[in-house]
Amino acid sequence: MPSVSRPLLLLLTLFVLLIAPAAVADDDAWSLSAGIFDIGNFRETGQGGLAYRFATRDVWGMDLRPFVGVEVNSYGGFWGYGGLRYEIGLGQRWHLVPNFAISLYDQGNDEGKDLGGVLEFRSAVDLEVSVGRAGRIGLSLSHLSNAGIYDFNPGTESLSLTYSFGR
């Protein structure tokens with residue numbers, strides 16, 4: 001698999017996460033996640049992540065929320081991403097949130113999953129419920145793949161529990 005140097009990928013992701021709070025708005029939020037990488041496969045492993053959700057903005061006439069994040073798994077796999085979320089209210093407390101991001105991926109050690117290349121796309125749908133004044137708990141189902149831009153495209157799914165705070 002072609003790869004980007006791991007230190008460069010780590011540095012780029014940390015840079016994005018560190019500059020994100022510089023543009024803090026009242027509606028910005030942090031999100032923590034923990035779950036299972038490669039669900040339904042014999043290579044299932046734990047994963048965790050951190051994301052920064054910027055305030056909602058009008059993009060192409062839609063209220064979209066930009067976000068950046070990083071996720072890691074137990075095999076040392078690592079991916080940083082940035083994209084857009086669209087929140088659909090389901091009553092006063094519930095939210096359905098489809099989202100899409102462009103990712104840079106490193107499979108980690110030899111046990112890690114080869115996704116065919118460094119450039120990957122992350123699509124997800126989150127179901128979240130508001131808790132307290134500024135938090136949400138959610139369940140996220142995501143898919144990470146290269147959309148066929150490389151010859152090899154196995155893709156993978158993840159299921160995570162999320163907690164966001166700071167809105």
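**A quick note on the fold and its cavities**

1. The protein has an accessible surface of about 8,500 Å², and carbon and sulfur atoms account for 64% of that. Keep in mind that this is a predicted model.

2. Next, the layout. You'll find one helix and 10 strands here, and the order along the sequence is α-β-β-β-β-β-β-β-β-β-β. Of the 167 residues, 43% are buried. If you take the contacts between residues at least 6 apart in sequence, 54% of them link residues at least 24 apart.

3. Now look inside. The count of cavities of 30 Å³ or more comes to two. The largest cavity holds about 190 Å³ of space, and 19 residues line it. R53, E71, Y81, R122 and T162 are the lining residues nearest its centre.

4. Which elements build that lining? Two or more residues each come from β1 (29–37), β2 (45–53), β4 (62–73), β5 (78–86), β8 (119–131), β9 (135–145) and β10 (156–165). β2 gives the largest share, with five residues. Sorted by class, the lining of the largest cavity has 10 polar, five charged and four nonpolar residues.

5. The classes in the lining of the second largest cavity are five polar, three nonpolar and three charged.

Notes. Residues are numbered from 1 along each chain as its sequence is written. This is a predicted model: local features need pLDDT of at least 70, side-chain atom pairs count only at pLDDT 80 or more; totals for chains, interfaces and linings use all residues. Side-chain values use heavy atoms; hydrogens and water are left out. Helices (H or I, at least four residues) and strands (E, at least two) are DSSP runs, numbered from the N terminus. Buried means under 20% relative accessible area, exposed over 50%, partly exposed in between (1.4 Å probe, protein chains only). Contact means heavy atoms within 4.5 Å. Accessible areas come from the Shrake-Rupley method with a 1.4 Å probe; for residues, only the protein chains shown count as cover. On a 1 Å grid over the protein atoms alone, a cavity is a set of points where a 1.4 Å probe fits but cannot get out, and a pocket is an open set with protein on both sides within 12 Å along at least five of seven lines; lining residues have an atom within 4 Å of a point. Grid points are joined across faces, edges and corners, and a volume is the space filled by probe spheres set on the points. Ala, Val, Leu, Ile, Met, Phe, Trp, Tyr, Cys and Pro count as nonpolar, Asp, Glu, Lys and Arg as charged, and the others, Gly among them, as polar.
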